Every structure is written in structure tokens, then in C-alpha cells.
Amino acid sequence: MTDARIVRSREGLRTALLDLLQEAPLERITIRDIAARAGVGYNTYFRHYPGKEALLDDLAAAEIAALCDLTLPIYETADARQACVAVCAFVESHRALWSALLNGGAEGKVRQEMLRHALAAPATRAREGGLPGDLGPLLTIGSMVELLGWWLRQAEAYSAEEIGGIMHRIIIVPAERG
């Protein structure tokens with residue numbers, strides 16, 4: 001996609017949805033709200049996305065790719081705990097979106113996309129020596145998705161530092177031991 005207008009419209013729609021998620025839950029946001037916030041016509045919205053879920057999927061794909069860029073180095077860094085904290089800080093920086101993804105019915109898609117990224121990284125597979133095939137990444141990603149979803153549902157505010165520490169202690173350290 002190289003047409004500048006299409007790129008601007010899609011970026012505007014993604015930004016509008018992200019902004020609106022800071023104000024209201026996904027189920028209360030309408031396509032008219034998104035189009036108005038993005039400064040595009042209602043019909044223009046449908047030239048880009050067939051529905052609200054398609055826009056959310058597009059926004060999620062970019063967020064998941066960025067999160068995976070932070071997650072995968074956990075297996076290679078000398079300070080895996082700080083890498084876990086960085087992952088949690090990233091999720092916290094877009095808390096409303098990640099809440100919508102992980103607690104609004106898209107956690108399976110998130111898990112699948114994160115696993116796809118993990119399995120594409122040769123270093124990740126090499127570190128899982130004690131476990132058969134994709135089991136190590138499958139268990140690690142699944143546990144991370146569950147922990148992050150749990151965190152985002154809590155009324156009590158836990159910091160990214162606290163959750164990153166938990167992630168490191170109960171998910172990453174055991175996975176490294178295989």
C-alpha cells in the first residue's frame with residue numbers, strides 16, 4: 001500500500017480507535033465515533049475496514065509485532081528481568097488497547113500471533129533444548145498472555161516493575177531451565 005491518502009486514512013483510523021479506547025470500552029465505541037475522531041466520512045471507513053473488529057485486528061497486529069520485538073530478546077539478554085519489565089511497560093503504555101485485546105475475546109488471536117513471531121525466531125527455538133518442538137514457546141507465550149490479561153483485569157494497580165518481576169520469576173526462569 002503506497003497511496004499516501006490510504007496510508008494517512010488508515011493511520012488516522014488506528015489512532016482514533018486507540019484514543020477512543022482510552023475513553024470507553026470497545027463495545028461502546030461505534031464506527032461513527034471512530035470515523036468522526038479520525039476526520040473521515042462514515043462510508044470512507046468501510047473502504048478501509050469491513051467492521052470495527054477488522055480495525056482492531058489491524059491495530060493489534062502492529063502492537064503485537066512491537067511487543068514481540070521486546071519479548072523475543074528475553075531469551076538472549078543478560079538481564080531477562082529488565083526485558084520482562086520492558087514488555088510490561090509497553091503493555092501499560094497502551095493499557096486500554098491491551099485490555100480490549102486480552103480481556104475482550106481476542107486473547108486467542110494475540111497468543112497465536114505472538115507464537116508465530118516466537119517460532120520464526122531461530123534463537124528462541126534453540127533455547128528450548130529440553131522440550132519437544134514448539135512446546136517451550138507455546139507454554140511461555142500462553143503463560144505471558146494469561147499473566148498480562150490477569151494484570152489488566154485487576155482493580156488494584158500493580159506496576160510494570162512488579163508484573164515484570166513475576167513474569168521473570170514464574171515464566172522466563174523455568175522456561176530457560178527447560
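Predicted model: local features only at pLDDT ≥ 70, side-chain atom pairs only at ≥ 80, totals over all residues.
The ring of Tyr-158 pairs with that of Trp-150.

## A pair within helix 3

In total, the structure has four aromatic pairs. One of them joins Tyr-42 to Phe-46 in an edge-to-face arrangement, with 5.1 Å from centre to centre and 75° between the planes. The angle counts as edge-to-face because it is over 60 degrees.

Both residues belong to helix 3, which spans residues 42-48. Four residues separate Tyr-42 from Phe-46, or about one turn of the helix. As for solvent, Tyr-42 is partly exposed at 32% relative accessibility, and Phe-46 is partly exposed at 34%.

## The cluster and its arginines

It is worth looking at the neighbours as well. Tyr-42 and Phe-46 are members of one aromatic cluster that also takes in Tyr-45 and Tyr-49.

Which rings have the charged end of an arginine over them? Tyr-42 has that of Arg-32, 3.9 Å from the ring centre. Tyr-49 has the charged end of Arg-10 over its ring, at 4.9 Å from the centre.

Definitions and conventions:
Residues numbered from 1 in each chain as written. Heavy atoms only, no water. Phe/Tyr/Trp six-rings, centres within 6.5 Å; stacked < 30°, edge-to-face > 60°. Helix = DSSP H or I, 4+ residues; strand = E, 2+ residues; numbered from the N terminus. Buried < 20%, exposed > 50% of the residue type's maximum accessible area, 1.4 Å probe, protein only. Lys NZ or Arg CZ within 6 Å of the ring centre and 35° of its normal.
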